[in-house]
Each structure stands twice: as structure tokens, then as C-alpha cells.
Amino acid sequence: MTEVTVCTATPGGDVEVGSLYTHQRGRTESATFVYGADYLTRPGAYALDPGLPLSTAPSQTAVGRTMFGAMTDCSPDRWGRTLLDRAEARAAREEGRTARALREVDYLLGVRDDLRQGALRFRHPDGPFLATEETGVPALADLPELLSLADAAERDDIRLPDLQRLLRAGSSLGGARPKAHVRDANNRIAIAKFPSAAHDTWNVMAWEKVTLDLARAAGIQVPDSTLLNLAGRHVLVIDRFDRLPDGQRVGYVSAMTMLEASDGDQRSYLEIAEVIEQHAARATDDLAQLWRRMLFNVMVSNTDDHLRNHGFVKAPGTSWALAPAFDLNPDPSPGPKHLSTAIDTADDTASIDLVMSVADYFRLSPTDANRILRDVTGAVGAWRDVAAQWLRPGEIDAMAPAFAEIGSCPGQ
């Protein structure tokens, strides 16, 4: 059993929340969490996730779950796990030993404390915060080298010291795409997303920038972003919305955690709306924003809108707020599209008519829904002009199937 003290960063300093205990029996992993008595009596104490209700009684992970959702959200996802697995394999080879099979708690504790997502922090009882890294965050000037190292890591052709550098810069980040942390021109921590030489069949980074800009024009909250050209390859640098300008951490949980779902589960926007109804201080605004995003996802064929790609940031008191939209990418596959998150209960068809039919569940009158439809249609209708800033005509024409649904809008 491994015991870990869990804290959360607040403007007034770190607050001890409770203790996490991880267990392993054979290949089966599970976890237990107990809130501290002092935390439970603290003004403004809140549940870390719905699976961890405020109680003196221990909470146990559900059958088949290895970790609680709130902890999984600040653990590395596929890219970070790949780096940690390969670093362990390289180290074992150099030390002449058998590589360990990393456990869920190893992934959780193996990333930089200062860069992990959200506001949770972890340490052994009476010890320092785990995986604190004294080495500074790379600067924008380091991006060409980091891009080269990411390419080598994807090929699994990288030396251990170089792999360790990537680990320091990017192991805490989620998703499958190669990426790293950098300090932007304002000295704030940002995320640099790299092209994948192994998997990309179009300029994914440039198209994500196009989509982020279209989303902002459509009235959708998105983080600031910059597209850089490094020797003919685009790198997208995106601000972190879980950090304030002064560096203060902001609590974060995914929609997957809020819905107590698992990877691969398909849920609906109506269920995310229920979370907003229950937990948001500004539910009417957040519901309208979520509906606007759903409409936008249909118009740009953002079919990768799974539950990890929706989230909530901590708001004052015990409430949460819809996080800015992220990981927005058009899908140029021909034919009908289907979203990863269903629109109406189990119907995931990417249809504007279907989105319009559920508007009242998001507290929108027909007048409000039609106004938002005009806003989003007008913004997305300029997609070719926005794309022309970074992409060639042939690349733009090849992406046209992603924007086919906009032709069914009134006035188009």
C-alpha cells in the first residue's frame, strides 16, 4: 500500500485535503481516499469530485477503477504515459535490470508537481511535494530542440537524457499528441503542441489554430494561442487556463470525472448540462455557452469532443464553472459525421437540426437559439479566409468536407 497526502493550492496557501491510499493485489489496482477532519470543517470545503463526497467515511474506487477521477485528471494521459514507460525501460536497460510495470500511482506521482493540471498537489506524509522539478520550464527559443526530441520519442529512438528532458517538460500533459511546456513571451506557462510525424495526414496544428480562432469569433471561450512556423512545421502554443496570470493554480476536473464515467464511455451534452445545473454558480451562462459549443462542433466537424475534452474549473465556494473550450479540430472525412458526445441522449449525429431541437434544455428560447445560430454561422462561414493566413489553397480545399454542415444553415 502507498499512502499519499493530497493538498490543494489556494490563494492563501496549500491546504491539506486528505489521504490517498493505493492498493495492488496481483494485477488489480484500487484506491481509497479519506478526507481530513480539519478540511471537512473548513469554510468553503468542497468535494474533489462526485465520487468523493464530503464525509468522514473512506471512499473506495468503484469496481474496475484504479484511481479516482480527480486524481486521474491531473495524471498524465497517453503522451505522458508513453514518456514515463519509455524512460523506465531505458533506465532499466542501462542499469541491467528488468523494467517495472508502472502502476497508476507511479504515473500520478511521476510528473512535475509545478506543472500538473489543476490545483491538486501530492506528497508522502511529512515529505516534500512529489516530483518537484528544480529545472526551469523551457523557453520559446527551445522549441526547435523540443520538437526534434518529440519526433525521436515518437520513433522510440531517443537517448535516456533526452527522454528525461522531455519528461521534465511534458510528462504531465494529457492527450496522445506530442507536446511540452514552455514559457511564452509574457513568461507564463503555456503548452506547445507539436505535429506528429508518425500520425498526421494534414496540418493538424494549423487547423487547430484556425478552429480556435473561429470559435472565439463565434462567442466561445477559448484560451489564447499562437501558431509558430519552425522550419516549415507548425507548432501551436496555447495558454493554460488552469493558471492565473500570477501563477496561482486553478482547480480543474474533466466532464468524465463529473459524470463518474470511464474512458470510452459515451455520454450526452444533456448530461453535461445537468452537471452545470447542479454545480455552476452561473448556470444560465454556462448552459448557453455549452449549447453554442455543441452547435460549433457540428459546423466544424469537431468529432473528437469526448468527455476528457470538456471540463470544469473551480469557482468560488463549492461551485464549478465550464472551462474554456480546447482540443478543437475539424474532421475532413467525407460523409455524415458523428460526435463523440451525443447531442440528444444517445443520438450523436452531427446535425444542426438536432442541436436546435434540444435548445430548451439549455434554458434557451427559440429567439435566443436563433441568435446564437446566426452568430456561429457567421463566424464559421469565414473559415476559408481564416485558414488562408496559414494554409495553402489545396490544403484548404481538402478540408472542405469538415464544413459541409454549415450549408444547411438558413441563409447559406
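Reply: Helix 9 spans residues 269-279, and its buried residues are Tyr-269, Leu-270, Ile-272, Ala-273, Val-275 and Ile-276. Buried means under 20% relative accessible area, exposed over 50% and partly exposed in between, with a 1.4 Å probe and protein chains only. Helices (H or I, at least four residues) and strands (E, at least two) are DSSP runs, numbered from the N terminus. An α-helix has 3.6 residues a turn, so residues three or four places apart point the same way.

The model is predicted: local features need pLDDT of at least 70, side-chain atom pairs count only at pLDDT 80 or more, and totals for chains, interfaces and linings use all residues. Residues are numbered from 1 along each chain as its sequence is written, and side-chain values use heavy atoms, with hydrogens and water left out.

The cover over the buried residues of helix 9 includes helix 8 (255-258), helix 10, strand 11 (311-314) and strand 12 (320-322). Contact here means heavy atoms within 4.5 Å.

Ala-323 is in the loop that runs between strand 12 and helix 11 (352-357). Ala-323 counts as buried because its relative accessibility is 1%. Leaving out residues up to four places away in sequence, Ala-323 touches Phe-241, Tyr-252, Arg-293, Gly-311, Phe-312 and Val-313. Its C-alpha atom is 9.9 Å from that of Leu-290, which is 33 residues away along the chain.

Helix 10 (residues 283-300) gives eleven residues to the largest nonpolar core, the most of any contributor. That core has 93 residues, and those with the most contacts inside it are Leu-48, Met-71, Trp-291 and Phe-362. A nonpolar core is a set of buried Ala, Val, Leu, Ile, Met, Phe, Trp, Tyr and Cys residues joined through side-chain atoms within 4.5 Å. Apart from neighbours within four places in sequence, Met-71 is in contact with Val-6, Leu-20, Phe-33, Leu-48, Leu-52, Leu-108 and Phe-122. A second, separate core has 27 residues, among them Ala-87, Tyr-107, Leu-163 and Phe-194.

For the protein chain as a whole, the secondary structure comes to 14 helices and twelve strands. Of its 412 residues, 54% count as buried. Among contacts with a separation of 6 or more, 64% are between residues 24 or more positions apart. The C-alpha atoms fill a box of roughly 65 × 50 × 40 Å along the principal axes.
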